[in-house]
Structures are given as C-alpha cells and as structure tokens.
Amino acid sequence: MLYHAYQLQSDLLSPMRLLAQGTSAATWWHNTERTLIRSLSAANDVLARMRLTHTRPAYGIDEVEVGGRMVPVVEEQTSRTPFGTLLHFRREGVADQPPVLLAAPLSGHFATLLRETVRTLLQDHDVYITDWHNARDVALRHGAFGLDDYVGHMIGFIDAVHQDSGGQPVHVVAVCQPCVAALAACAVMAEDGHEAQPRTLTLMAGPVDCRVNPTEVNRLAVEKPIEWFERHLISHVPLPHAGFMRRVYPGFVQLTAFMSMNLERHVKSFEDIYHHLFNGEVEKADAIRTFYEEYLAVNDLPAEFYLETVNKVFQTYDLPRGVLTYRGRTVDPAAIRRTWLFTVEGERDDICSVGQTVAAHDLCAGVRPYMKNHHIQTGVGHYGVFSGRKWSQQIYPRVRETIHASLG
C-alpha cells in the first residue's frame, strides 16, 4: 500500500502546486525586489518546486567543443528494450574517435545524473550511455528484470556499440552501482571469446567488494535479512501507470533515505532559493533549481533487480567470493586477459569507500600488470569522482590516457 498512499497524496497535492506555480508567475513583477509582492512570488515558486517527478529530464547536450571548435550533438537511439535504451550522442562532422559506453546506475535516479560525465567524455570520444527506463512505465507483459538481465543488457549494448561503430574496440566506463555488472559482463564475454569484448574497462567508485572499509550504506544493508527489504520496501505500481501491479522499489523511497541523511542541507537549499529570488539574484536561484530538477526526478527500480543487488552485492559479496553467477554459470573475472583495467576512487567517498573498487585488480588476475592502473582522487566524495572540476581536470585525463594507451 506504500506506493498507493504516495500516489494518492501526490494527486491530492497536485492542484495546490499548480496554483502555486501560477501564482508565482503572475506575481513576478519587475523592480519588486525585497517587497511583499516578491516575497509572495518567491514563496510560491519554492512551494511549486517541492515535488518529485518521474520523467527523465533532458540531457540538454546540443553542442560540445571538439578540437577547439563547437560541433552539434544529436541524440540517437542505437538499441532499445522495454527496460532501457542505448543512447548515442552523435557529434556531427567529427572523424572517428574511440567509442565509449557509459554504464549508468539503476539506483533511483535517471542516467541524466551523468550529464556532465557525458559532456566531458564527448571532447575526445564517441559516447553512448545506458539510459534506463522507469520501471513503473514498463507493462507486466515484458516480464521481470533482475541482475542477470542487467548483465545481459550490458553484453548486448557493448555488442551494439561495437557494431554501430564499424567494429571498433569498445571502451566501457562504469559509474558506481553498475561496476559489478560491467565487470561480470566483461568476464562472460572474455570467457566466450566474444569479438566485442571491451578493450578497456574503467570502474569508478563501484561496490566491487563491500567487505572492504564498510560505509554506513554497507552497514545498513546487512542489518536486516533480505526478506525484510522485500517486505518493507517493495511496492506494486498503482494506476494509472503502464506498469500497473509491477513490483518495484520506488524511487521516492530511495530519495527519501538519501535526503534524510542530509536533511538540514536540503532545507537550507530551498531557503536559499527563496532568499535569492526575494533579492533578485535569479542566476543564483537558477543554479540551485537546476540541481533539484535533476535530484527530485526519481526512477523506480524493478523489484527483482533491487533485491538481488542488495543480496548478492551488499550482503553475500558474491563477486569477490567467486560465487556470482550469470544465467546459471559462474562468473570468472580471471578469464579477462585482453581488457585494460582502470579503477578510480574518491578519498572522501562515504557511499563506496576507498578499497572497494580497486579490489577488482585482484579479481582480474589474468590481466597483465602493465594493463592495470588505479587512481585515488584526493578531496572528493562520491559524486566528485564523475562530476565537477576535479573530475574534468584530474580524473578524466587519466581515463582518456588509459583508452588511448590501449589503442597504441
């Protein structure tokens, strides 16, 4: 009943938010800064924005600088399934450059959370991304989606990039949660001698081995048995959504948990929006509003995928223990020999701590030492590994070097 209660509340509050949105627009008069009328407009703007959305925001990458000139970028669907789209950011008028598949998390937010990562990679690469769909919009007739299905999608998407790029070697960059699935997919492809097995695999702040330096997130995952997660956190999608009666881990539950960890900071951010608008500092308000438009866009996870990830990645540590399976066969990272491995961790990461991602090096025993590298970025937390100044200026050059070194 959790999701039904949320949907009812959302439906009941929707008219009030629409009224607040209209009131804010109607009372936004020029030269009224620090007056009662501006206070009314700002307060209604904040009220209208304090809501969750369930639709993927636009990536908004219309052009990018390549070789000192701006070139247009066009989004194209290379492959599509009910649960995800392989999205290609095609740069017009640019000669062939290494194709990169960016594996985005399926963890309560949309892949647009990696918008800045995409924009940076586009400077020197042909970029694709795993654009996961909202499970509440996937009809029951399309079946379940578990961890095996995620790995299967990774294998299929890697092959699709290989074919779409004319047979060029594919380079996979996985951010956070999909590091386990990306490593498993690479291992399966290597064992099968798949012609599209990645040339490089970059794992960034991912939970490869959560036994190392456990974080508060890791500890919460092992406090309860998996049956507790299924009983208390899984809901059925209500009407009128296309996925009616599909079992999901609602994105609003995930977001609520995240926000509660830093509630005072989020409250202050909305207060800052009000004060900036009241004082006429629109650009400062827009910066915060843009962040929350992305942050408050939530993506429901298929229940099977969520529960299997919690159980196998965070509770029983199947991959580092050598017992993770894919479609009934044991995943063997030691089978990887032709793929270069680069791992990245953030010094201050409180979600995926130092040591959890570099553990992949021990698992990939078949990769020659000169094909492995690791980077710890000082002064950054989890999100700083793939966004922000240190990502673009210090981490990305290392990623690019790994990709280009593998082609030499």
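Colleague: What makes β4 and β6 a pair, and in which sense do they run?

Modeller: In this predicted model, strand β4 (residues 99-103) and strand β6 (residues 171-175) are joined by four bridges in the parallel sense. Pairing requires at least two bridges, so the four found here qualify β4 and β6 as paired. One of the contacts along β6 is Val173, the bridge partner of Leu102.

Colleague: Why are β1 and β14 called edge strands?

Modeller: The sheet is open and mixed, with nine strands in the order β1-β2-β3-β5-β4-β6-β7-β13-β14. β1 (63-66) and β14 (372-377) each pair on one side only. From one strand to the next the twist averages 25°.

Colleague: How do you know that the span of α2 is close to the expected one?

Modeller: The expected span is 1.5 Å times one less than the number of residues. Helix α2 (residues 36-49) has 14 residues, for which 20 Å is expected, and its first and last C-alpha are 20 Å apart.

Colleague: Which residues of α2 are called buried, and what covers them?

Modeller: Buried means under 20% relative accessible area. In α2 this applies to Arg38, Ser39, Ser41, Ala42, Asn44, Asp45, Val46 and Ala48. Their cover includes α1 (2-26), α9 (263-278) and α10 (282-295).

How values were computed: Residues are numbered from 1 along each chain as its sequence is written. This is a predicted model: local features need pLDDT of at least 70, side-chain atom pairs count only at pLDDT 80 or more; totals for chains, interfaces and linings use all residues. Side-chain values use heavy atoms; hydrogens and water are left out. Helices (H or I, at least four residues) and strands (E, at least two) are DSSP runs, numbered from the N terminus. Axes are lines fitted to C-alpha atoms, for helices over the stretch in contact, and angles run from 0 to 180 degrees between N-to-C directions. Buried means under 20% relative accessible area, exposed over 50%, partly exposed in between (1.4 Å probe, protein chains only). Contact means heavy atoms within 4.5 Å.
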